[in-house]
Amino acid sequence: MMGCSDEEEQSDETNNKKQHKKKSKGEKHVSFPPDELIVSGFAEHRDNDRKDCCVTLAEVIWAYKQSCSKHRVEPKECILQQLQQGVFVGGGVKCLDLKGERLDQRSCEALEAVLKSLHFDFINLQAAQLEENGASSLLDMILYYESTTHLDMSDSSSMGTSCWRALAHLIKQSVHLSRLDVCNLPLVDYPAQSLSKALLTSRLTVLYLHNAQLSGVPLYALVSALKSNRALKELHLSNNQLNSYQDALQLGDLLRYNQTLQTLQLSDNAVADAGLEELCDGLRWQTAGLKVLLLRNNQITADGMVHLAKALPVLKVLQVLDLSENLIGNKGIQVIREPLMQNVSVLQLSLQQTNITCEGVVALAEFLAESRQIQQLDLRQNEVKVGGLMALSLAMRINLSLTGLDVDHRLPQEQDEFLSETQTRLQSEIVQRCIANARCSDINTETSTTLPADAKGQGDNATTT
């Protein structure tokens with residue numbers, strides 16, 4: 001018969017007390033909140049296949065009202081109106097516009113009834129008055145239910161650390177989010193670091209960071225992440241006070257290492273001539289990436305065209321170049337005239353408001369007469385008078401690729417009837433030539449797509465219309 005004596009029981013109690021004392025010296029204490037705080041709610045599992053969802057907009061509206069009642073808040077009238085007027089296709093609605101709306105934590109939590117049922121092409125939270133906890137909860141729900149492909153958080157000045165953490169988690173983990181706008185917010189210190197780390201593994205393809213104070217260390221952090229990023233295709237960095245020294249150097253490095261980025265928007269900065277040199281050095285390394293470079297209003301002068309002239313003949317990828325609102329002048333156009341002739345990639349060139357007169361326009365007309373690929377040329381807000389128009393009209397009789405030539409349709413300052421009639425006639429001729437080129441381009445495209453497979457690649461025996 002087995003049993004335990006009183007002495008053995010006392011010995012066991014003593015040993016247990018000793019063991020408890022030993023453990024309590026180094027172990028962490030665990031505490032629990034009051035019972036009513038242990039569970040604050042639950043989130044239903046997201047529907048991975050919304051196409052099979054049979055929910056209607058009327059049901060979503062009813063669920064939203066019930067959720068508002070549960071969280072003791074009034075339903076937002078703007079949300080109800082959008083749901084009532086929404087176009088419901090395959091479980092999705094085009095837009096959920098919450099721009100400027102005041103959303104406290106309970107209002108955000110009530111939105112779960114909407115976010116879990118519908119997918120939106122665009123959720124607009126621009127300038128929304130968000131509470132810190134509410135914003136974090138809302139971003140977590142958008143991630144959990146994969147509620148949108150385009151999110152705009154611009155002008156949300158109330159964003160704190162926890163909100164930035166939630167946004168970074170959304171960027172890093174979301175499968176469906178493809179575009180993010182975070183404009184007019186200072187991306188310094190923690191926001192810049194958290195955003196940069198998230199971009200290392202992000203699936204975002206479009207990122208707008210206008211007016212985000214990215215100059216210096218924040219830009220360095222962003223570029224460091226994007227050097228290895230293989231998803232982002234568009235990066236918009238206008239009005240960030242980017243300078244011609246360390247900032248342009250970082251962007252040049254980005255172009256050296258990243259072959260995925262296709263659009264780089266740098267308008268309204270201070271890249272200047274020295275910065276353009278860094279960018280051109282980076283462009284030389286592009287073999288399959290950057291197609292669009294926008295440098296509008298960047299304090300670039302004719303001296304900067306020397307660097308561009310060196311890069312243009314070797315560029316193979318760049319298709320759109322915007323140099324508008326820079327003081328390039330006739331001298332700068334003369335510098336890039338021949339390099340433009342040698343270039344085989346640029347299809348659209350914008351020189352709007354670049355201090356060009358008829359002298360520069362004549363140089364561009366010589367380029368047009370030689371070019372076989374240029375399609376769009378913008379010369380608005382320049383001094384293009386009758387002499388320049390005449391040169392352009394003559395060039396268009398030879399050029400077969402240009403389908404759009406933008407010049408100002410205004411009468412010359414001279415109040416001469418002959419000059420006025422001549423200008424009107426020349427502008428009409430230019431338009432007609434562009435239309436004819438566009439028609440030929442369409443015909444050639446249709447011919448190439450309908451040509452039988454066995455008729456292609458027959459060498460000298462094949463004919464081209």
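**The nonpolar core and its surroundings**

Modeller: The largest nonpolar core holds 119 residues, and those with the most contacts inside it are Leu151, Leu167, Leu209, Leu237, Leu351 and Leu392. Such a core is a set of buried Ala, Val, Leu, Ile, Met, Phe, Trp, Tyr and Cys residues joined through side-chain atoms within 4.5 Å. This is a predicted model, in which local features need pLDDT of at least 70 and side-chain atom pairs count only at pLDDT 80 or more, while totals for chains, interfaces and linings use all residues. Residues are numbered from 1 along each chain as its sequence is written, and side-chain values use heavy atoms, with hydrogens and water left out.

Leu392 shows what such a position touches. Leaving out residues up to four places away in sequence, Leu392 is in contact (heavy atoms within 4.5 Å) with Val361, Ala365, Leu368, Leu379, Val384, Leu405, Val407 and Ile430. In soluble globular proteins, nonpolar side chains tend to be buried together. Across the 465 residues of the protein, 47% are buried; the word stands for under 20% relative accessible area, with exposed over 50% and partly exposed in between (1.4 Å probe, protein chains only). Among contacts with a separation of 6 or more, 85% join residues 24 or more positions apart.

The protein has 17 helices and 14 strands, taken as DSSP runs (helices H or I, at least four residues; strands E, at least two) numbered from the N terminus. Helix H13 is mostly covered, with 6 of its 8 residues buried. These are Gly304, Met305, His307, Leu308, Ala309 and Ala311. Their cover includes helix H12 (272-283), strand S11 (320-322) and helix H14 (329-342).

H12 also meets helix H11. The axes of H11 and H12, lines fitted to C-alpha atoms over the stretch in contact with angles from 0 to 180 degrees between N-to-C directions, come within 7 Å and cross at roughly 10°. The two helices are therefore roughly parallel to each other, a label for angles under 35 degrees. H11 contributes Ala248, Leu249, Leu251, Gly252, Leu255 and Arg256 to the contact, and H12 contributes Gly275, Glu278, Leu279, Asp281, Gly282 and Leu283.

Gln241 is found in the loop between strand S8 (234-236) and helix H11 (246-257), and Gln299 lies in the loop between strand S10 (292-294) and helix H13 (304-311). Most residues other than glycine have a negative phi. Gln241, however, has a positive phi of about 60° although it is not a glycine, and Gln299 likewise has a positive phi of about 60°. Gln241 is exposed, at 62% relative accessible area, and Gln299 is exposed at 53%.

Two further sites complete the picture. Asn124, in strand S3 (residues 119-124), counts as buried because its relative accessibility is 6%. Beyond its neighbours within four places in sequence, Asn124 touches Leu96, Asp97, Leu98, Lys99 and Asp152. A search of the whole structure finds 1 aromatic pair, for which ring centres must lie within 6.5 Å. Tyr144 is partly exposed at 29% relative accessibility, whereas Tyr145 is buried at 2%.

Key
Rings of Phe, Tyr and Trp (its six-membered ring) pair if their centres lie within 6.5 Å; planes under 30 degrees apart count as stacked, over 60 as edge-to-face and the rest as tilted. Angles under 35 degrees count as roughly parallel, over 145 as roughly antiparallel, 65 to 115 as roughly perpendicular and the rest as oblique.
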